[in-house]
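Subject: Structure handover

Hello,

Here is the structure for you to look over. Please open it next to this note.

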Amino acid sequence: MLLLILFVGILSIAPLARLGYAALIPDGGFDAARILRTLAGGRVIDATLNTIWISVSATALATVIGTAAALLAGLTDMRARTLWVFGFVLPLMIPPQVTALAWLQAFSPASPLLGPLGLSLTPGTRHPLYSAGGIVFLLGLYNAPLVFLSVRASLYRLPAPLIEAARSAGARPLPVTRDIVLPLIRGGIFAGAALAFVSSIGNFGIQAMLGIPARVPTLITLIYRQMNSYGPSALNDMALLALLLAGLTVMGMAVTAWLGKRGDQRVDNSSRPPRLSLGAWRAPVTLLAWGYLALCLILPLTALLGSALVRGYGQPLNAETITFQNFANALFRHEGIRDAFLTSLWLTLAAVAVLIPVSVALGYVLSWRRGWLARGLMLASELAYALPGIIIGVAMILFFLRPLPLIGTGLYGTVWVILAAYLSNFLALTLRPILGGYAQIDRVLDEAAQLTGASLFARLRDIALPGLAPSVMASAVLVFMTAINEIQVSVLLVTSRAQTIGPMIIFLEEAGSSTLAAAVGCLMVALVLILMLASLIFGRRLPPGVLPWRD
Amino acid sequence: ETTLTLYTSQPPEQAQSTVDAFQAAYPDIKVEWTRNGTSALMNVIRAEIEAGQVQADVLLVADDINLGELKAGGHLMAYPDAPVENYDPATYDADMTYFGTKALTTGIAYNPDIAEPVERWADLLTEENRGQIAMPSPLYSGAALIHLHALTNAPDIGWAFFEGLNDLDIVPEGGNGPATKAVASGMAKYAILVDANALNAKADGSPIDFIAPSDGVSFITEPVAIMSTTDNADAAKQFVDFLLSEDGQKLVTEQGYLPIMPGIEGPEGFPKLSDMKLLGYDVQEAVKNDAEMREKFSETFGQ
Amino acid sequence: MSAIDIACLDKSFGQTQVLHQVALSIGSGEFVSVLGPSGCGKTTLLRCIAGFERIDSGRISVDGHLVSSPDHHLPPEQRGIGVVFQNYALWPHMTVAQNVAYGLKIAGMPRREREARTAHALDLVELGGFAGRRPADLSGGQRQRVALARCLAMESRIVLLDEPLANLDVHLRGALEAEFANFHARSGATMFYITHDQAEALALADRVAVMDHGCIVQFDRPDALFRQPATETVAGFIGEGRVIEAEHIQPIGNGHASASLLGQSVRLRCAPDQRGQRSGKISFHPGDLELLAEDAAPGFDAHVTRATYRGAYLRAELMAGPSGSVPLSLNVAAPASLTPGQRVRVGLRDGWVIPVPAARAQF
Amino acid sequence: MSAIDIACLDKSFGQTQVLHQVALSIGSGEFVSVLGPSGCGKTTLLRCIAGFERIDSGRISVDGHLVSSPDHHLPPEQRGIGVVFQNYALWPHMTVAQNVAYGLKIAGMPRREREARTAHALDLVELGGFAGRRPADLSGGQRQRVALARCLAMESRIVLLDEPLANLDVHLRGALEAEFANFHARSGATMFYITHDQAEALALADRVAVMDHGCIVQFDRPDALFRQPATETVAGFIGEGRVIEAEHIQPIGNGHASASLLGQSVRLRCAPDQRGQRSGKISFHPGDLELLAEDAAPGFDAHVTRATYRGAYLRAELMAGPSGSVPLSLNVAAPASLTPGQRVRVGLRDGWVIPVPAARAQF
Ligand SMILES: Nc1ncnc2c1ncn2[C@@H]1O[C@H](COP(=O)(O)OP(=O)(O)OP(=O)(O)O)[C@@H](O)[C@H]1O
Ligand SMILES: Nc1ncnc2c1ncn2[C@@H]1O[C@H](COP(=O)(O)OP(=O)(O)OP(=O)(O)O)[C@@H](O)[C@H]1O
Ligand SMILES: [Mg+2]
Ligand SMILES: [Mg+2]
């Protein structure tokens, strides 16, 4: 318990407090007028309203798509589910800017896709994605896998007899889904929704690429703009806006948490998970599901691949221009890329390795012990996740710059700061699905272990962790996918000694090596795909339901 | 052996080659460098200043407004004996706190597959170009900000040009990267772009070319400066010396940019510095009225 | 017409075959109990009938319509069969009343009627005051009663019950047994009632199917099971029956036979077609043994190994036979007292010769 | 010294008080059964002893050490108490063997010994062949047996069992009852055994606590409960007891009393301090009634309302009394046949006058 407090305290609360201090008391004095002036500006209010409705709508969209996908993959006998789930999760790996650009190009006047079909826009008309609706649409699609992973984990714990009882009461698959399945997995759904909300509200890539041309200001774009402006108050104003954003996010998370908790979802999970037959609908549903994938995965992926295979960006891809030079460069020539990649890989694995046990323990306290202290810890972790990554970066600098009291040297400038920032930023990401998992476990399992004299630690390891395995795996996948090509947090923290791959890709872009950057992106996607396939082979011994893409 | 900490916005490859060349010239100085975008670096430095623990000894960043601001805050050290004999005084600070190392001009890029070259800035403002011009935003990009300052300063261009762009539904966005992509991919016909971006892409085979308009280009100088808090002032000065030396300037050419020491050849395919009309601006003034300028820009483009 | 017709049903889970060639024909309106040891496949059979499991071979028809065969499978919701699950399967997110009302709601019953029906079903199981609680706040027995009410409220034509009374106390059990009997009489529904409690099975059912290792070993009226078990398994399973070896079994006509048991000659009931056998199994119940005076004849000497108090009577476990190795059980009326080690003499009032399957019968 | 000592225990869930002033003192090595209707608070009492629930008032001591009071609470893992849960609480992610072995592993037992102990416990519950299965692949009764094996393997000094045999068939039940008795005798452990099956309670326990509505109504030896129930509730709960009204109860010394029952004079057992009463409740069991000849005296006329087959005997439900409204139950030996509506005459062999609590006793 003490360790937990320390962990969350050091990694979430302290840097945040330091940031709050910078925001509210810039020069040693609390200046209410300044705060009011900054926050009450017409643009900030506009941006706040836009932010709220855009992220709420995007969350709704992501939740609907993600839940539907999870039901399809987890509950029905749709064909080729494993492959489909691969495809559904993979877009998380493609940077949002790439996705946004791919969609923009697909529907632009010069579209290689719609052009031949005669559907492309006439030049001069405004691009339909350059609108608030467009932002909602892309954010929704982009975040659906977050919801999917969380819901999928919940579905595995749903015992078949509950569904069978409803069917023997005469309920067809749709009412069963509506009345029994959805209420029982609501913990997972709203945990996923919370993640989607946070991810939408803080997604700079899509909001900037579509929002600025559409003249739809949002808080995150405002924050970045503030970040690029000069003047002594820039940092403080930015911190203030970031606190506002964090406030909104926490509100959103609180609402989803409240919605997700209502109703008893504890189930006896010593029976097998259910499966509903689609019957005659099997073929059309399968077709629809694959159609969706084609749009959401193939579109950005081909765009990425198309860029990676030519030397200069924008060259048409044909027999003459095709080259594997970029891949060769990425793999063999640039040592920096390889180093950055390895650093990212171990940072990500370390973050997963630390966060999972911490979340399981924290989840235990939150679910089965309760108390204000636990709630406080949770709030802090969510705040940390809610803040835009770049702000966390600033907070980390502010906090870790001075030599640490006990160690003597500062962590600043080393990979450890990045690790600390990851731990702080992603705690909520692992905590959410795991809390969803706890909601479905009957406490009596823990009690039975308590009787054997097992210590809290042993129980967490032997009873809670395996029981939560699907949620834990979902959490791990989420963190892995998010951290491996993470940009915003580490971009301020990388140095020549500590490089990560996400900023590396950005730097390549900035230096005009878009095609090389695309090649690196492709390699990352390929790597994740390989890891997923490997997990299928090595995961055979895992209990069913642990891997989201395996039944 | 002294260790010098360098914060630079050069792309990683080039930063490495700069550091390597310097270390070869001064073997007893070791350089630890951090590479990042200019605005990210400025945020890091601001945070470091806020925390009272500035790590950097030397800065090598894209534009001088940022340095002007640091100078105004008293964070830069003057180096009166810097070897600037051969340089145009417009390229370095009169108070000897920062020194330009190269020239990056902002002109017009176009996609030769779908657009014709133009002569002057105003030629962009035609109805056929509605929504077809990509432009980095001064709110995000340093070069674009200086471009804004320089063009609005030029009497025969001024705000009218930007208002004209707005009338054509042009929305400035992001930095030079997206603008390059927009032209290269054919999503836009023209872009207001830094020379190196366009010309390097062209060299890679992208369908893009660069024009230096006859009524002038804005430019940034990638200045180098020494932090006032440095403990390694001597080594830092040697670093500045190196960049301003003939070897340093030749390195610039190798890296694909225009050197500013007169007499040093630029890379192939680049317009000569002397052939272009350079639009300057007053840095002190710019630092002062920067907020106002951004405000006016935001209003003009309704952002 | 048969309400449920099962022919040649096989069902395996992976490698383990759980049901072997099950065949049953249950008349419309009949009350059938299924009795068998734990793990013998009762629940699996029920799940096949309800449509939760696909079958490997054979066929199941309901009301004359084929519902399950290896390549035809009517989904459960279209079979119109009510089920009470062994582990209750209550929906944790619904209140007790909502659990009971759900099926009615799905069937489109108007609210007023639905509420009345729900309230009535809850009253039947004495849970009227618990309508607003959630399953998690109920005791084990209360949960079981909710599951029961949920099924009763549906008033299906065919009801399958999986050990519906296992967690209830004797009183409630008695009351609900009576309620089942009533419900059955009133509604004429076909009932398929799984239990491991033979008293319950015998008391309620028109016919009882005894299962063992996935096979139906006897399907007959309760008294036939009790008095004329078809196999050793059935004999051992019903009424605490005891099976021991007898010799020189000789039919003496009129459904009786003489035999030699533990060296004594006894008179037993037997099947009409019983043939003479050198040796065979006979079965009897504790109530068929009586305590005799010290040296009454015919009788067997035995010694008491354990005596337990059962309220109305004392149950004594005995060892009899020449070498004291044949175990017997005996019920002695209450005031008596027996202590382990004590020697007693017992007599056999009645017994039954377990028939040898035709193929194996020989002298 | 008492193994478990409970004094003045109160426990509420929100508004509902579930336990009222429960007091129990269980000797070391004693086998105590807790018997009571569904929802009376048995499981809650068990959970308080095991340490899963904090108590509102009172105190619980184990082996002389205070473990629970409103402001002191020893966590369950430090109490060294074994529990078999009503809903099994098997760990779904572990195999059967792992479930059983987990506690031993935690206790640091070496692998060899642990495996032997696990195998032995599984053999006891006849699940030797299922060691590698997961709970999800077991039948209901098999799961219960795993829970049992898990507890047996721990060999705790104090074992609490919550309806451990509810889902098992008679045979296995008999076998496990014997196993409990053995285990108890062998280990000398203190057993606290919740059940709703009074036969089980009476057969196994040294003493039985009868609960009702959260109170302990009687805590006594089995035969005392059966023959001398302290309250109507107990009388009704044990041995299918029947409680009816009698008049003119008059002690006649030597623990007996005379009374007038349905107009007939009868002789009953009573408490030594029984006083004369104008009216009172008396109790008896079905076995205390006998079928008499047509007009034997003394006897009561009655008519049969329901007759069910119970294997060894026929259970008849009767209505007696002047207006035919007093319900009685009667067991008739097997070959008999009674039909609803038939008139019979019955006699009372034995009965007990339920004592009136001191404060309310008056003539
Ligand atoms: N968590 C809870 N919240 C509210 N009421 C509860 C809770 N748990 C139990 N109860 C109520 O307390 C009473 C006693 O429950 P308990 O589980 O102790 O009964 P029991 O005697 O074990 O019954 P059974 O034989 O049916 O298992 C019941 O009325 C039950 O509804
Ligand atoms: N999903 C499954 N996978 C593998 N084996 C199973 C599965 N379900 C049941 N079994 C096995 O099939 C056999 C029959 O199980 P079933 O549940 O039908 O028994 P049952 O007669 O209902 O027993 P009980 O009285 O204990 O409930 C058991 O041996 C059980 O272990
Ligand atoms: Mg079963
Ligand atoms: Mg209970």
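Predicted model: local features only at pLDDT ≥ 70, side-chain atom pairs only at ≥ 80, totals over all residues.

Residues are numbered from 1 along each chain as its sequence is written, chains are lettered from A and ligands numbered from 1 in the order in which they are written, and side-chain values use heavy atoms, without hydrogens and water.

**Domains of chain A**

Chain A is assigned domain 1 (1–38 + 330–551) and domain 2 (41–323); the bounds come from an automatic or database domain assignment. Each domain gives 64 residues to the contact (heavy atoms within 4.5 Å). About 5,400 Å² is buried between domain 1 and domain 2 of chain A, 72% of it on carbon and sulfur atoms. Buried area is the accessible area (1.4 Å probe) that two parts lose on being put together, summed over both. The interface has 0 salt bridges (side-chain nitrogen of Lys or Arg within 4 Å of a carboxyl oxygen of Asp or Glu).

**Ligand 1**

Ligand 1 is surrounded by 19 residues (a heavy atom within 4 Å). The closest are C:Arg133, C:Ser139, C:Gly141, D:Thr43 and D:Thr44. The site is shared between chains, because residues from chains C and D surround ligand 1. A side-chain N or O atom of D:Thr43 is 2.5 Å from a ligand 1 oxygen atom. For a polar side-chain atom of C:Arg133, the distance to a ligand 1 oxygen is 2.7 Å.

Best wishes

Definitions and conventions: Polar contact = N/O pair within 3.5 Å; in protein donor to acceptor, adjacent residues only side chain to side chain.
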